[in-house]
Amino acid sequence: MLFAGTSPLLPAPTALAANDARPVLAYYYAWWDPSNFNRTMFQPGQAYNSDDQGIMQQHVRQAQSAGIDGFVMSWYGNGDRTDSNFGNLLDIANKSGFRATIHFETPHFWNVDDVVAQLKAFYDTRINHPAILRYQGHPVIFFWRAGMYDNGTWNAIRSQVDPDHNAVWIADGDQFGILNGEAWDGISPYAIAWSANPAGQLPSWAAKARAVAPDKLWIPPVSPGCNHSAARATTCARDRSGGAYYQATWDGAIASNPQWAVIVSTFNEWMESTQIEPSVQYGDQYLQMTLQNAEQYRATAQGGNG
């Protein structure tokens, strides 16, 4: 069984997005200031501030035009700028038939007690919003750097925050033994662009995840490439190859037969050059490619629906 609990925190909203059962998601960042774009290899048409709700509305419209159904937003905790912007995103999403949840930034928090406190705050203030991303009626949360703590620690965290497993917790990483932990309901490696053969790597990862936990969710990432060099010493320099690399990641993601979702890594992480948001250099090429592949994914996907 995927869940220990038998009911969501609240009933799933009745007005669902068109593709809630087979969504395409994208990682989203809402800590941008115009000055940040001095440290990016590529640039948007106009540098922006993430606190501008008009910009956020534009991003949601662009994402929807590309077949994206929800954002997984980098979240630094209750009271942080990213939390207030997440609240804005939820309200915009609710008016647009869009979905959103958080990417819990585990390294940002001081210790296990802080992780517990921040998650409890999220449950208290955000998790019942009608625009929260859901799987089978259950709110979904993604976790970055889940490997910071061992499974015993995560199990203890979950027992304090969500002992009945009312939400769905998705771990990051390619250490698939983490799925043995009771805390986790699925896994989604954040990065794929390091791989020279993503069309083969993603099905291989899926097989490893299912060998460990066949009943838990496998959510493959897709990415146009990466290059950190404008911001810091680079650990990834994957050329976009005119869109061929992005297509290869989609080919691998679809071949891995995800039972629920695919996630774009990323919509707007400009410092790592993983963005598909329209740019001066590429226009809306990557939005168009996303739409084409999202339609193919939904047409060819097999397995259980969410």
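Analyst: Helices and strands are DSSP runs, a helix having at least four residues and a strand at least two, and they are numbered from the N terminus. The model shown here is predicted. In this numbering, Asn-293 is found in helix H7.

User: What is the mean pLDDT of the protein chain?

Analyst: The pLDDT is the predictor's confidence in each residue, from 0 to 100. In this chain, 92% of the residues reach 70 or more, and the mean pLDDT is 92.

User: Over which residues is the pLDDT below 50?

Analyst: One stretch with pLDDT below 50 has 37 contacts in the model beyond near neighbours in sequence, and this stretch covers residues 1-16. Another stretch below 50 has 16 such contacts, and its residues are 302-306.

User: Is Asn-293 buried or exposed?

Analyst: The cut-off for a buried residue is under 20% relative accessible area. Asn-293 has a relative accessibility of 2%, so this residue counts as buried.

User: Which residues are in contact with Asn-293, leaving aside its neighbours within four places in sequence?

Analyst: Sequence distance and spatial distance can be set side by side for Asn-293: Gly-67 is 226 residues away along the chain, while the two C-alpha atoms are separated by 8.7 Å. Once the neighbours within four places are left aside, the residues in contact with Asn-293 are Gln-247, Trp-250 and Ile-254.

User: Which residues have the most contacts inside the largest nonpolar core?

Analyst: In soluble globular proteins, nonpolar side chains tend to be buried together. The largest nonpolar core of this model has 67 residues. A second, separate core has 25 residues, including Val-140 and Phe-142. Inside the largest core, the residues with the most contacts are Phe-86, Trp-154 and Trp-169.

User: In which strand is Trp-75 found, and is it buried or exposed?

Analyst: Trp-75 belongs to the run of residues 70-75, which is strand S2. Its relative accessibility is 1%, and therefore Trp-75 counts as buried.

User: How far apart in space are Trp-75 and Asn-94, C-alpha to C-alpha?

Analyst: Trp-75 has contacts beyond its neighbours within four places in sequence, among them Asp-83, Phe-86 and Ile-102. Asn-94 is 19 residues from Trp-75 in sequence, and from C-alpha to C-alpha the distance in space is 19 Å.

User: What separates the C-alpha atoms of Ile-102 and Asp-83?

Analyst: Ile-102 lies in strand S3, residues 99-105, and is buried because its relative accessible area is 0%. Not counting residues up to four places away, Ile-102 touches Val-72, Trp-75 and Phe-86, among others. Asp-83 is 19 residues from Ile-102 along the chain, and their C-alpha atoms are separated by 9.2 Å.

User: Which residues does Gln-62 touch, not counting residues up to four places away in sequence?

Analyst: Gln-62 lies in helix H1, which covers residues 53-65. With a relative accessible area of 17%, Gln-62 is buried. Beyond residues up to four places away, Gln-62 touches Phe-267, Glu-277, Pro-278 and Leu-287.

User: Which residues are closest to the centre of the largest pocket?

Analyst: The largest pocket has a volume of about 720 Å³. Its lining has 17 nonpolar, nine polar and seven charged residues. Of the 33 residues that line this pocket, the closest to its centre are Trp-144, Tyr-190, Ala-191, His-228 and Glu-272.

User: What is the omega of the cis peptide bond, and which residues does the bond join?

Analyst: Thr-266 is placed in the loop between strand S12 (262-264) and helix H7 (285-300). The cis peptide bond has an omega of about 25°, and the residues joined by it are Ser-265 and Thr-266.

User: What is the phi of Gln-136?

Analyst: Gln-136 lies in the loop between strands S4 (134-135) and S5 (138-144). With 43% relative accessibility, Gln-136 counts as partly exposed. Although Gln-136 is not a glycine, its phi is positive, at about 50°.

User: What is the relative accessible area of Ser-241?

Analyst: Ser-241 is in the loop between strand S11 (237-238) and helix H6 (244-255). Its phi is positive, near 50°, in a residue other than glycine. Ser-241 is partly exposed, because its relative accessible area is 45%.

Note on methods
Residues are numbered from 1 along each chain as its sequence is written. This is a predicted model: local features need pLDDT of at least 70, side-chain atom pairs count only at pLDDT 80 or more; totals for chains, interfaces and linings use all residues. Side-chain values use heavy atoms; hydrogens and water are left out. Contact means heavy atoms within 4.5 Å. On a 1 Å grid over the protein atoms alone, a cavity is a set of points where a 1.4 Å probe fits but cannot get out, and a pocket is an open set with protein on both sides within 12 Å along at least five of seven lines; lining residues have an atom within 4 Å of a point. Grid points are joined across faces, edges and corners, and a volume is the space filled by probe spheres set on the points. Ala, Val, Leu, Ile, Met, Phe, Trp, Tyr, Cys and Pro count as nonpolar, Asp, Glu, Lys and Arg as charged, and the others, Gly among them, as polar. Buried means under 20% relative accessible area, exposed over 50%, partly exposed in between (1.4 Å probe, protein chains only). A nonpolar core is a set of buried Ala, Val, Leu, Ile, Met, Phe, Trp, Tyr and Cys residues joined through side-chain atoms within 4.5 Å.
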